[in-house]
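Trainee: Before I set up any calculation, I would like to go through this chain with you, one point at a time. Could we begin with the terms and then turn to the residues?

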Amino acid sequence: MLCFKTAKAAFLIGIVGTIFACDRLDGVGKVPAFKPANSGNEHMAMMRTPLDQSTNDLTYHEQASLWRAGRESLLGNQRAQQIGDILTVVIEIDERAEISNSSSRSREGSENLQIPSLLGIPQRIDRALPDGASLSDAVNTNSTSSSSGDGSVKRKEKFSLKVAATVIDVLQNGVLQIQGSQEVRVNFELRELLVSGYVRPADISRQNQITYDKIAGARISYGGRGQITDVQQPRYGQQVTDIILPF
């Protein structure tokens, strides 16, 4: 009966493992596939804004002039300011943090209570006490405690990236919500960069760029998928056992 239960549990585990591995088996011998560029919030935002600006509303003199007014002119404001506009996000992170803590505590206490004589009462009580017990040394305690701790944290991060992001929404206070993605495939490894957050139009430079430290609620992800990433990840069974096993 025990062997049957063990075999049944192993069979169920095998089925679950096969289900989890189906997606991975589909990519055997194939390069990682790109996500469709015409899907997601970026594409929807661009579709909401017409790309060509009509000149019907311009006066005759404005149409004939070499120095036209507006965003499309040579000296016009080229910064992103409406849904569907594109701007460049500059990510240059060079951070280093080092924290070191040390603590030490020590305490020692001693208590001694003796009643050698009190109107002859201790002597009378000693007669009723068992052999070896005496009220002359009523209480005598000693205690010592000590603790120490030492900890340190060191972290260093450095990378420099640029990605084009799209304005996907304009909030009521004028703040722009942006989202951008970039995928680069080299052989059988695909690197993906994702960025999203909220920016003020005033923080966008004349080059239509903004640094990551001016993005509120910034979410920056730089990772990938492929053969190298697959090797670096532990197997599903190992991840499950690491969670379940208490030792």
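Mentor: A salt bridge here is a side-chain nitrogen of Lys or Arg within 4 Å of a carboxyl oxygen of Asp or Glu. This is a predicted model, in which local features need pLDDT of at least 70 and side-chain atom pairs count only at pLDDT 80 or more, while totals for chains, interfaces and linings use all residues. Residues are numbered from 1 along each chain as its sequence is written, and side-chain values use heavy atoms, with hydrogens and water left out.

Trainee: How many salt bridges does the structure hold?

Mentor: One of them joins Arg-200 to Asp-203, with the closest N and O atoms 2.9 Å apart. Another joins Arg-191 to Glu-189, where the closest N and O atoms are 4.0 Å apart. The number of salt bridges in the structure is two.

Trainee: Is Glu-189 buried or exposed?

Mentor: Buried means under 20% relative accessible area, exposed over 50%, and partly exposed in between, with a 1.4 Å probe and protein chains only. Glu-189 has a relative accessible area of 8%, so Glu-189 is buried.

Trainee: How many helices and strands make up the secondary structure of the chain?

Mentor: Helices (H or I, at least four residues) and strands (E, at least two) are DSSP runs, numbered from the N terminus. Read from the N terminus on, the elements run α-α-α-β-α-β-β-β-β-β-α-α. The total comes to six helices and six strands.

Trainee: Which residue in β4 does Val-184 stand opposite?

Mentor: Two strands pair if DSSP finds at least two bridges between them, and strand β3 (residues 176–186) pairs with strand β4 (residues 189–199) in the antiparallel sense over 11 bridges. The two form a hairpin with two residues between them, and Asn-187 in the turn has a positive phi of about 55°. The residue in β4 opposite Val-184 is Arg-191.

Trainee: Which residues of the largest nonpolar core touch the most other members?

Mentor: A nonpolar core is a set of buried Ala, Val, Leu, Ile, Met, Phe, Trp, Tyr and Cys residues joined through side-chain atoms within 4.5 Å. The largest one has 18 residues, and those touching the most other members are Leu-87, Val-89, Ile-91 and Ile-178. At least two residues of this core come from each of β1 (86–113), β2, β3 and β4. With contact meaning heavy atoms within 4.5 Å, Ile-178 is in contact, beyond its neighbours within four places in sequence, with residues including Val-195, Val-89 and Leu-87.

Trainee: How far apart in space are Leu-176 and Thr-166?

Mentor: Leu-176 is found in strand β3 and is buried, because its relative accessible area is 1%. Thr-166 is found in strand β2 (residues 139–170) and is likewise buried, with a relative accessible area of 2%. They lie 10 residues apart in sequence, and their distance in space, C-alpha to C-alpha, is 9.6 Å.
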